[in-house]
Amino acid sequence: MEETADKQIKVERAKVARIQDLQGETTFTFDRGMVLRDKSKERALKIAMYTFLIITATPIFLGYAWIFVASFSKEMTFGIIPKGLTIKHWRFLWQAPNQVMPIVWPVFLNTLFLGLGTAFLSVLISTPTGYALSRLKVPGRKLFLALTLILHAFPGISLLISLFWVLQKLHLLNSIMGVVMVNAGLMSPFCIWVMKGFFDGIPWDIEMSAFVDGANRFQIWYKVMLPQVRPGIFAISIFSFIMGWSTFIYVLVFILKKQGWTLSSYIYAILGEYRFVDWGFLAAASVFFILPVLFFFVFTNKYLMKVTIGGMKGGG
Amino acid sequence: MKLAAIGKLYLFFLPALVIILIFFAIPAVTTAIMGFTNMDFQFKWNFIGFGNYVKMVKDFLIWPIWREGKLARPNIIINTAIWVFATLLINTIFGLILAILTTSIERRAGTFFRAIWLLPRFTPMIVYGVICLSLLLPTKRGIFNAVRGAVGLQPLDWISLYPMAVVIITGGFIGASMGMVILASAIDSISEDLRRAAKVDGASWFQEIRYIILPLIRWPLMFITAYQTLSLLTSYESILVITKGGPFFASTNWSLYAYKAAFDVYSGTYAYGYGAALATILVIIGIIFSIAYWRIFKFKEMMSEPKIEVE
């Protein structure tokens, strides 16, 4: 009997010691895991984790490294090791690289327009609607919310064919503007929900005081609320810009003329039928295409993650 | 007066309504109607009843031929099932592993690895395709084959030999990041006290995952599974870029089949009506899934009444 009590006391003491140990450690280091465990086991576990993460990420790393290296090298040996430096793969920046492919700048301008247009239209659509859904109690509000959610379940392929018909009727086939509007439409449920989330986060005292001062809804929205949700607008613009800039399938299907090419169709054309591909040129064009995305990705990573999570908030 | 005031408030919805109506609602209805026509590039509304759906049954049920115990022609339904199930497995299980690992190591290293895994998601699809092809090239120039060559093995034509494996893995590399980001933030938001308590009680790392983390991230995990099932059912862009659904139809799934029916330059059929019918089936499945989400994830709570109301 006494023995078990003794044991109990020992266990409790050990726990207290562990708690002290833990508190001591966490006050001084910000290590989040495994403070108490056997040190050598812990190290082995960590090495295993890093090994797994590094090995699985290697194909990604190799692939991205390849397009950069290949775009500047005369020849690639062993797939990834460059041999000789050249800028001839980048000649699409100052001349037509071959008989079929045009110089890149008009294509670049189309792509830029597609990205900026999508971003602009997305903000134009989602800021007033997001505000109204967050703050106004008007008949049809719930219906509208339900509608955007249901539409969110209709991605890509289900609308592609009839969108082709709609654009043809509106004489918007072969025009970047048509793709901009399709993009903005398809992204609008997402953008509206994200903006609604941002408006929801603004305390309504600010709005209230403007109300008391006699401002109407539109003034409040424009002058009081919009400055408050600037981070949201920023996040949506970047997100839609990247989506617009990268648009692939809609450009491929809705734009059939060379004048309307974007960088997606440009690279698709270089790729052609996989035979006789100029891999250096392909790599250089890919780098050119991906650079703005990488730029935004590196500098606004946190924003993008916030939007990605914000858009899925319902599940969390 | 009051009615007019309320009417004015609808101006807030106007831009969204116009765009959604023209580029979302009308096409959604049109798809369903178009499925009953044999429309081609001439855009004639020639109604043929359930003709497209009969053709579909013929295509999918009679089309695959068993020869000497082997499937001589690939079946789109089987392809779609394999594609959705296997890629979903990568997206959730691998995404979960990445989320747990990147939250278990030092914070900076974790953020770094998460950023690497997010890259494929933000890379334009066509560039992602180029990168995958550079890895998979059948000659010695391909990076995987260069590695094989270094140890004295012959180069392999990965895409012809393992078309489904190629599309599943390349698709999974894009999809895993969504699970990773959401689950990592869910794990991060688990109260530190709970994890400390487990440690104080002497739980091992695996026990901590099994008994603390997994039960607490059950809902996001289920949400990702449900959401990804739907997106995988309708996604085909990465397949189109990397294998073009081939060789023959070996890696073509349902949505790519619909795309090919309508827009494939090489077959030149331009069967918009048939493509629309194929898409309609996907839409119906999509609606069923959405209703299920609605029930499971209590979207009603997200639509709660606005806080401020001044009239």
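**Confidence, chain A**

For my own reference, pLDDT is the predictor's confidence in each residue, on a scale from 0 to 100. Helices (H or I, at least four residues) and strands (E, at least two) are DSSP runs, numbered from the N terminus.

I then looked for stretches of chain A with pLDDT below 50. One is residues 26–34 of chain A, which has five contacts in the model beyond near neighbours in sequence. Another is residues 310–316 of chain A, with 17 such contacts. Here two residues are in contact if their C-beta atoms, placed from the backbone, lie within 7 Å. As a whole, chain A has a mean pLDDT of 80, and 80% of its residues reach 70 or more.

Ground rules, noted before going on: this is a predicted model, where local features need pLDDT of at least 70 and side-chain atom pairs count only at pLDDT 80 or more, while totals for chains, interfaces and linings use all residues. Residues are numbered from 1 along each chain as its sequence is written, and chains are lettered from A and ligands numbered from 1 in the order in which they are written.

**Confidence, chain B and the complex**

Chain B averages a pLDDT of 82, with 88% of the residues at 70 or above. I found its lowest mean, 52, in strand β1 (residues 66–67) of chain B, and its highest, 91, in helix α4 (residues 76–104) of chain B. Residues 307–311 of chain B stay under 50, and the model has seven contacts for them beyond four places in sequence. For the complex I wrote down an ipTM of 0.83 and a pTM of 0.83, both from the predictor.

**Where the chains meet**

The classes: Ala, Val, Leu, Ile, Met, Phe, Trp, Tyr, Cys and Pro are nonpolar, Asp, Glu, Lys and Arg are charged, and the others, Gly among them, are polar.

The axes of helix α6 (residues 176–200) of chain A and helix α2 (residues 14–34) of chain B come within 9 Å and cross at roughly 120°. Axes are lines fitted to C-alpha atoms, for helices over the stretch in contact, and angles run from 0 to 180 degrees between N-to-C directions. I therefore put α6(A) and α2(B) down as oblique to each other (under 35 degrees is roughly parallel, over 145 roughly antiparallel, 65 to 115 roughly perpendicular, and the rest oblique). On the α6(A) side I listed M181(A), V182(A), A184(A), G185(A), S188(A) and I192(A), which meet A16(B), I19(B), I20(B), F23(B) and F24(B) in α2(B). That contact has nine nonpolar, two polar and no charged residues.

I counted up chain B as 16 helices and two strands. Then I turned to α4(B), whose axis comes within 10 Å of that of helix α12 (residues 218–234) of chain B, crossing at roughly 145°. Residues in this contact include W83(B) and N91(B) of α4(B), and Q228(B) and L232(B) of α12(B).

**Two residues in a loop**

Most residues other than glycine have a negative phi, so I checked the exceptions. H171(A) has a positive phi, near 55°, and lies in the loop between α5 (157–169) and α6 of chain A. N174(A), in the loop between α5 and α6 of chain A, also has a positive phi, about 65°.

Are they buried or exposed? H171(A) counts as exposed, because it has 9 C-beta neighbours inside 10 Å. N174(A) is partly exposed, with 15 other C-beta atoms within 10 Å. The cut-offs: buried means 20 or more other C-beta atoms within 10 Å of the residue's own, exposed 12 or fewer, and partly exposed in between, with C-beta atoms placed from the backbone.
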